[in-house]
Amino acid sequence: VPADLIYLSTEYDLDYYLSLSYEVKSYPRFVEIQVTKPARVLKKRLEMARENRLLLEAKQRHYACYMELLQEAALNLFNEYHLEAAKKASDAALDGTLFTIEGWLPENKKPALEALLADFLVEAEETPLGRDERVPTYLENQNLAEVGEDLVKIFDVPSTQDKDPSLWVLIFFTLFFAVIISDAGYGLLLLSLAFFLKLRFKQPSAFLKRFTKLAFILSLGTVLWGVLTASYFGLRLAPGNPLQKLSILQVLSEKKAGYHLQAQDDVYGIWLKNYPALQEAKTGSEFVAKALGPDGQSEALSEFSRNLLMEFSLLIGVLHIILAFLINWRRNWAGLGWVVFLIGGYLFVPSLINATSFLHFSGFLTKAAATLFGLCLLKVSLPLILLLALVQHRLAGLKELINVVGVFSDVLSYLRLYALALAGLVLSQTFNGMAAHLSWWLGFWIVFLGHTVNLLMCIMGGVIHGLRLNFLEWYNHCFEGGGKLFTPLKLIKK
């Protein structure tokens, strides 16, 4: 600010200054305001403007009752404008006796167009694309896929070379959302919210119908996953609880415990050292039931469940990325090699960290067989990737091997499912533990406020990270994007 300017005030993010000088001066980046009326006239005009504002606000309130009618009139004007714009896009020839017009038409609508023009003296034929013309993307989904289409449009419009990912995005977004929340109690709360939306809006818009349908899908998925993991508002259930019998985590944990019990391996030795009562265990269920902590809960069940959830998160990542490569294999032949690489990595990596995969204790593959088979696949995959890339892209295919770090990191990104689910569970158990040592009145508010905050955070995590894993990790291997959405001439309705 020049030193000869006098600061006056600041209004609506603008600073006002006064300049006193003998000659006319201009200042860079400043706008000059010329005041041609005396202050008393300006004050009177200000009072009149305020009175007019009050009159206009009164008229607005009066016209508000005509809002629906005005909206209908506005839609009619838009429809008339679009129709006239389409008419003006045609060209006349032979003194107006002939007209021509060009437009985009989805391939699956050609029979309908031919049937429409059969009764008119109008001929239609396909014309070549111009040099700078870009084919728009036409999306036509119904039922569940239409809900997924709304999710896809949040990030980008598929190109004409992309396969419509709407249904896949919906399926995996529901899975990710359910795994992140991992609580049947929270799922029931979300289900009640979905029913509220269904009952509250008797004549919902098309978008609200799809949103309500999405709410039902997500809440039911969350309830189902919460039941399978025996998670109910963070309550720790005893191994013999009837709800635990519905838990797939307990079934797999008992199988894993029985595997270590039968093998008498290092894992069994560590547990036996900490829990001598395991000497009497004969089955996996007895193993889980006897490895109790100070609070009477099964430490073996908790430990094995966490390990299984971590492996399940990585398995989801492997399968999700494999699906991306298979969808996109025609444009990237090397993706078939990456599929072999991912399968080999999943089978071989447990041997590096001395871990027991559910493939081992479920009887699908022994540790030795999985390690050998996985190593063979890894050795074959990289030459296969390079060969396919060179055949398809010539020397430019050499850079395909650089993607090994990206593919590996993309799979590891799915560990966020386990981390977020564990964070929500820990917070739930923390609030329950705090409330247990307080009076019932104070404990009620601790539980209510704590679970409310935790539920909101879980929903945020489920939406953000559930979409992120689709839009970044998955799209990275099967989605080009950058499309222009096809917007046909149609009648706009309220």
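Which side chains meet in a salt bridge at 3.8 Å, N to O? Select Glu-84 and Lys-87: their side chains form that bridge. This is a predicted model. Both residues lie in helix α2 (residues 67-88), where they are 3 residues apart, about one turn of the helix. Searching the whole structure gives 13 salt bridges.

Next, select residues 166-181, helix α5, and residues 206-228, helix α7. Their axes come within 8 Å and cross at roughly 50°. That makes α5 oblique to α7. The crossing is right-handed. To see where α5 and α7 meet, show the side chains of the residues in contact. From α5 they include Leu-170, Phe-173 and Phe-177, and from α7 they include Leu-214, Ile-217 and Trp-225.

Now move to helix α11 (residues 299-327) and helix α12 (residues 334-352). At what angle do their axes cross? The angle is roughly 165°, and the axes come within 8 Å. An angle over 145 degrees counts as roughly antiparallel, so α11 is roughly antiparallel to α12. The crossing of α11 and α12 is left-handed. Among the residues of α11 that meet α12 are Leu-315, Phe-325 and Leu-326. On the α12 side, select Leu-336, Trp-338 and Tyr-346, which are among the residues that meet α11.

Terms used
Residues numbered from 1 in each chain as written. Predicted model: local features only at pLDDT ≥ 70, side-chain atom pairs only at ≥ 80, totals over all residues. Heavy atoms only, no water. Axes fitted to C-alpha atoms, helices over the stretch in contact; angles between N-to-C directions. Helix = DSSP H or I, 4+ residues; strand = E, 2+ residues; numbered from the N terminus. Parallel < 35°, antiparallel > 145°, perpendicular 65-115°, else oblique. Left-handed = near helix turned anticlockwise from the far one by under 90°. Contact = heavy atoms within 4.5 Å. Salt bridge = Lys/Arg side-chain N within 4 Å of Asp/Glu carboxyl O.
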